[in-house]
Amino acid sequence: AGDLPHKNGTINKAKMELLVNSNIGKKGFTYTHHDMTIRENVLIVAAANVCNFTVNLSANNLDHADSLTLLGIAPVVTILPIDQVTNTTTPAGNKVTVCPAAIDTTDKITCKTCKLCADSKRKTIIGFPAHGVARRNIEAGFHNRRCQQNVVFAVVKGVHSVIKLACSHLAMCDQIGQFGQLLFQECFDFR
């Protein structure tokens, strides 16, 4: 599976600008496993979400989902054990909603009809029961208590002022075609 365009783990700003600008007036969304301890990644993901291109932060487990949620820059998704088909909570008490399309037995609910992952303002974490060829390896990892926890400590100086600036203009992203581009540019003039 792919991820956002990057160079050595840092999301490519120019390519993200193109992606965000091509999404104006649409409800595009994606997922990323990129390292959120990298300041540029945090700023780019935050700005994309403000400009209505939803970038979901992908967690490896419920503890990691809690860490990513603490960042407050984007909605979060996570992997769940294979047999987890009911909604649950994380160790920190965050609500986890199992992906409706993943548990639908009628095949009537799809990503296209659900669109829950496209909501950049949602408060619930979306959980995906482990599936595919690597599901057994994923399942084994849930029961390995000695494994290293995926904790993100994001010390991103100045990110809150950038997010506040972007959020103060949020309603305009859809209304003015060029505004999304201007906001994205303004948010990323951090170098």
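## The largest cavity

The lining of the largest cavity consists of 13 residues, and Cys99, Cys111, Cys114, Leu116 and Cys117 are those nearest its centre. Two or more lining residues come from each of strand E3 (29-32), helix H4 (100-103), helix H5 (111-114) and strand E8 (125-129); helices (H or I, at least four residues) and strands (E, at least two) are DSSP runs, numbered from the N terminus. A cavity here is a set of points, on a 1 Å grid over the protein atoms alone, where a 1.4 Å probe fits but cannot get out, and lining residues have an atom within 4 Å of a point.

By class, 11 of the lining residues are nonpolar, 1 is polar and 1 is charged; Ala, Val, Leu, Ile, Met, Phe, Trp, Tyr, Cys and Pro count as nonpolar, Asp, Glu, Lys and Arg as charged, and the others, Gly among them, as polar. The space in the largest cavity is about 70 Å³, and a search of the whole structure finds 1 cavity of 30 Å³ or more. Such a volume is the space filled by probe spheres set on the grid points, which are joined across faces, edges and corners.

## Basis of the model

The model is predicted, with local features needing pLDDT of at least 70 and side-chain atom pairs counting only at pLDDT 80 or more, while totals for chains, interfaces and linings use all residues. Residues are numbered from 1 along each chain as its sequence is written, and side-chain values use heavy atoms, with hydrogens and water left out.

## Threonine 90

Threonine 90 lies in the loop between strand E6 (88-89) and E7, and it counts as buried because its relative accessibility is 4%, where buried means under 20% relative accessible area (1.4 Å probe, protein chains only). Leaving aside residues up to four places away in sequence, threonine 90 touches Leu62, Asp66, Val96 and Ile125, a contact being heavy atoms within 4.5 Å.

Key. On a 1 Å grid over the protein atoms alone, a cavity is a set of points where a 1.4 Å probe fits but cannot get out, and a pocket is an open set with protein on both sides within 12 Å along at least five of seven lines; lining residues have an atom within 4 Å of a point. Buried means under 20% relative accessible area, exposed over 50%, partly exposed in between (1.4 Å probe, protein chains only).
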